Amino acid sequence: MKNQTKLKSTEFLRNGDKVNSEFFEIYLKRLLDARDACGLTEMIGEIEALMITVEPGNALEYIAELALMTPYHYLVTLESPRHWTHILRIDMDSPDILLREVKNPEYYDIFRSLNDLHPVGSKRPHSRYLGEILRVTDRESVLALQCEREFRFFSPAALSALDLPSNVSISKPSPYTQNVLGYMERAIGEPRVYHPLGKCSILPKIQKAYENAKLQQQSLNIADLILPVDHLATRVYCQNREAALLEYLALSSYYYWGSYDIVDQNSSTNVCKSVRPVPESLSPAKVFTANNLPYCVNHLDRLPSPTENFVRNYGARLHHIALSVKDGEREGKENIEFLVDAIAGQGKGFLLEVVGSREEGLKQVFSNASQFSALIIEYVQRYGDFQGFFTRENVALLTAAAGAEVS
């Protein structure tokens with residue numbers, strides 16, 4: 001399908017100081033120009049949903065945790081042969097969460113096999129982030145073009161066996177990130193549905209846990225402070241950094257925003273954003289973090305290795321979901337500090353104190369990893385017109401704190 005695209009993926013200003021390889025710079029431009037020229041950039045839109053799987057019996061507690069710590073609401077549960085899929089939603093302008101709960105602890109699929117390869121990941125064999133679903137205007141054409149480019153997708157029969165929506169085309173797990181990426185055709189303004197995942201109902205126990213958490217959120221006076229998802233951060237191996245970026249750019253309509261070298265933590269932070277002029281709340285940025293040097297030579301220099309330690313323990317996977325915090329103050333505190341104090345008072349831990357300042361442009365903090373999904377929640381409060389995702393000092397502190405938890 002040939003057409004003249006209006007979107008130009010290579011016209012954005014580059015940020016950061018990370019020096020990429022010549023291979024990356026050559027293929028980045030070629031890849032984005034080819035994606036624009038064939039119409040994929042125009043046909044692929046924003047992130048529709050995030051897919052997460054948890055252990056049997058953990059969905060109720062995780063939904064209550066998310067209801068307290070995020071703006072998500074429990075919508076409905078779809079029951080299929082091997083899973084319950086709980087739909088969480090903020091609104092139709094922000095990505096849903098499809099929270100899959102395995103029914104049988106002995107159930108085995110390709111996603112469990114990815115956990116089984118790693119010492120910490122294998123302790124919770126079903127708990128992992130699966131990937132994103134993107135909105136497309138013509139799923140058949142997008143799928144045909146991507147298959148021509150040698151990307152591989154689950155067959156309809158395989159999707160049915162995995163209890164994944166039949167109206168979504170889903171890639172095989174990436175060799176670089178171990179995440180999948182799906183395409184769902186939906187016109188703007190149409191309802192967002194996932195089918196046919198079986199019986200649809202509101203489960204009373206989950207509804208009650210959700211309502212209690214939202215009442216708690218209201219009583220703490222924090223409900224209006226927590227805004228939608230700002231970015232999604234994946235950890236990958238050092239040698240896979242550039243390939244992971246190119247792969248995601250080939251499969252999405254994002255562009256390469258830039259990379260920063262975090263020398264103190266022997267890592268780099270690499271960001272991709274939507275080519276469309278939309279806020280991150282509509283289509284969150286994608287962040288990839290990788291070591292600068294691989295663990296196999298680290299015994300020579302004894303550098304910090306928090307990112308590669310995480311990947312060796314859990315596998316390449318999503319590390320955290322970042323949420324924006326409304327700018328301002330409440331009861332004499334910056335909103336992010338008021339929010340963290342309130343949530344910490346309910347027994348939810350954080351890896352470090354809030355870092356950053358108004359002068360630097362933003363403040364950030366990491367929660368402890370959830371015992372249900374292994375995912376960290378990050379809160380980000382920006383000041384004025386600050387457009388970035390971190391400062392060098394902030395990200396070094398955050399990376400070190402996250403690394404200490406898995407070392």
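By class, 3 nonpolar, 3 polar and 4 charged residues make up the lining of the second largest cavity, where Ala, Val, Leu, Ile, Met, Phe, Trp, Tyr, Cys and Pro count as nonpolar, Asp, Glu, Lys and Arg as charged, and the others, Gly among them, as polar. The model is a predicted one, in which local features need pLDDT of at least 70, side-chain atom pairs count only at pLDDT 80 or more, and totals for chains, interfaces and linings use all residues. Residues are numbered from 1 along each chain as its sequence is written, and side-chain values use heavy atoms, with hydrogens and water left out.

The second largest cavity holds about 60 Å³ of space. Its lining consists of Thr53, His83, Arg100, Val102, Asp109, Phe111, Arg112, Pro125, His126 and Arg128. At least two of the lining residues come from strand 5 (96–102), and at least two from helix 4 (110–116); helices (H or I, at least four residues) and strands (E, at least two) are DSSP runs, numbered from the N terminus. Cavities and pockets were located on a 1 Å grid over the protein atoms alone: a cavity is a set of points where a 1.4 Å probe fits but cannot get out, a pocket is an open set with protein on both sides within 12 Å along at least five of seven lines, and lining residues have an atom within 4 Å of a point. Grid points are joined across faces, edges and corners, and a volume is the space filled by probe spheres set on the points.

In total, the structure holds 4 cavities of 30 Å³ or more. The largest cavity has about 120 Å³ of space. Of the 15 residues that line the largest cavity, His231, Thr269, His320, Glu378 and Val395 lie nearest its centre. Strand 10, strand 13, strand 18 and helix 12 (392–406) are the elements that give two or more residues to this lining. The lining of the largest cavity divides into 7 nonpolar, 6 polar and 2 charged residues.

Strand 10 (residues 226–236) and strand 14 (residues 317–325) are antiparallel partners over 7 bridges, and Leu232 stands opposite Ile321 in strand 14. Contact here means heavy atoms within 4.5 Å. Axes are lines fitted to C-alpha atoms, for helices over the stretch in contact, and angles run from 0 to 180 degrees between N-to-C directions.

A further open sheet is formed by 8 strands in the order 7-8-6-2-5-4-3-9, again with mixed pairing. Its edge strands are strand 7 (168–170) and strand 9 (199–201), each pairing on one side only, and the twist averages 25° from one strand to the next. Strand 6 and strand 8 run parallel and are joined by 6 bridges; Glu132 stands opposite Leu181 in strand 8. Helix 5 lies across strand 2 (44–54), strand 6, strand 7 and strand 8, and runs at about 145° to strand 8.

Two or more lining residues come from each of helix 1 (22–38), strand 6 (128–136), helix 5 (139–148), strand 8 (180–185), helix 8 (241–251) and strand 13 (285–291). Helix 8 gives the most to the lining of the largest pocket, with 6 residues. By class, this lining has 15 nonpolar, 6 polar and 10 charged residues.

Helix 1 and helix 8 also pack on one another, at an angle of about 5° and with their axes 10 Å apart. Helix 1 is therefore roughly parallel to helix 8, a term for angles under 35 degrees. In this contact, Phe23, Phe24, Tyr27, Leu28, Leu31, Leu32 and Arg35 of helix 1 meet Glu242, Leu245, Leu246, Leu249 and Ala250 of helix 8. The contact has 10 nonpolar, no polar and 2 charged residues.

Note on methods. Pairing = 2+ DSSP bridges. Parallel < 35°, antiparallel > 145°, perpendicular 65-115°, else oblique.
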